Amino acid sequence: MNTFKKSIMHVGEMASGAKLTVPVYSFESEKSDTHSDITDTAPNVYIQANMHGAEVQGNAVIFQLLELLKHCKIQSDITLVPYANPVACNHKNGEYTLGRFDPITGVNWNRMYHFDESIIAPFAQQNIDASEDEIRVAFEKLLIDQIEQKLDHNIWGLTTGQRIAYQLQRMAHQADIVLDLHTGPISSKHLYCPEYAKASANYFDIPHTLFIPNDFDGAMDEATFCPWWCLQEAYKQLDRNFVMGEGAFAKESFTVELGSQEQIDLDVAHQDALGILSYLQYKGVIAISNDLEITSEDVPLQKAKSLGYQPQEMTRFACYLKDYKALYSPMGGMVDYLAEFGKPLPAGSPLVRILRMDNYGDGNPLHNVILDKEVLPILHFASASVNQGTELYKVFTNYFEI
Ligand code: ZN
């Protein structure tokens, strides 16, 4: 039996003394018992949402996951954290939620996670003869110790954002699979997937995947897999070879972009949750269960009885991060966004039409913006009014089917 728990984590304090809190939901499997001798375990999972304030659909997806997981046979620990960033979540201005950048430091909330590469080489040298299991346990402990040093034994203190990020990261480091749920501005669904974990991209119900290299830039997904990737590379230097994604190095993390910001759709969230369960079943986190209670209106459960959660059939396009291009506006004006997401746009077709009423009567009030190569539009800016240099669209170039 799995134990379901809810707890409240304190991640900071406001000037008035009010506490900043984050709800933490978890399913703990039997193997977490200290007396259990099960060693062949399914991967533990950590899922968070809403690190960026306006990106709220992930909260709805966590709700639907919690509802669906009640009926699943869970074989590992799953931790789910909605409202991961209470500052960003409540950062409103007029009708809009801001919450992409810390308003005090200007730093992107998803660039504050910790990774100190200098720990890697000494660890590999000191543990050159350790078993794979010993490496996994010791390195995980080292990563968590580092975070705890930062949180609890640091006379210089932390920024508001670091304190939030590190507390989330402490939980993420205890997992083997990490999903960070985000959205674009106005956006299609797309997935940031480490290059070594390509096979997993086919299990999410997400039509667009970006394959990202092993570079750490402060984001949650990178902070999870980069240390293990670097460790595997350090062992390679010492003539000990491991396969990233397998055995002790069976770590995967993804940034899941669930569509557009500033909105939730519970029906879409249900579909999003089914896609995540399809991936979790593939990874052995949930079992294909024959003893589910079936109700007539609950099609997903009926499906689950025979096959479990299967990915939807769809055309999945991917590109490498280097081929994910931003198009910046060549001029100021009012933008009519023309290009549809996920539909190949031929070279020479306009992505946008820009209206300039100041030119009406004595100039050209309409300007098309075109590209000289075929692209796959993924997201666009949220407002029609743009300055010269505003990011209009992000598009896949040199994309391919997976
Ligand atoms: Zn985001």
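Start your tour by selecting His-182, which is buried at 2% relative accessible area (buried is under 20%, exposed over 50%, partly exposed in between, with a 1.4 Å probe and protein chains only). You are looking at a predicted model, in which local features need pLDDT of at least 70, side-chain atom pairs count only at pLDDT 80 or more, and totals for chains, interfaces and linings use all residues. Residues are numbered from 1 along each chain as its sequence is written, and side-chain values use heavy atoms, leaving out hydrogens and water.

Next, show the zinc ion. Its protein donors are His-52 (ND1), Glu-55 (OE), Glu-55 (OE) and His-182 (ND1), at 2.0 to 2.6 Å; donors are N, O and S atoms within 2.8 Å of the metal (3.2 Å for Na, K and Ca), and sites may look incomplete as water is not among the atoms. Along the chain, the donors follow the spacing H-x2-E-x126-H. His-52 sits in the loop between β3 (45-49) and α1 (57-69), while His-182 is in strand β8 (residues 177-184), 130 residues apart. Helices (H or I, at least four residues) and strands (E, at least two) are DSSP runs, numbered from the N terminus. His-52 is buried too, at 3% relative accessibility.

Now for the salt bridges: there are 18, each a side-chain nitrogen of Lys or Arg within 4 Å of a carboxyl oxygen of Asp or Glu. Pick Asp-272 and Lys-189, whose closest N and O atoms are 2.5 Å apart. Asp-272 belongs to helix α7 (residues 266-282) and Lys-189 to strand β10 (residues 189-194). Asp-272 is buried at 7%, whereas Lys-189 is partly exposed at 22%.

Finish at helix α4 (residues 132-152), where Asp-133 and Arg-136 lie three residues apart, about one turn of the helix. Their side chains form a salt bridge at 3.0 Å, N to O.
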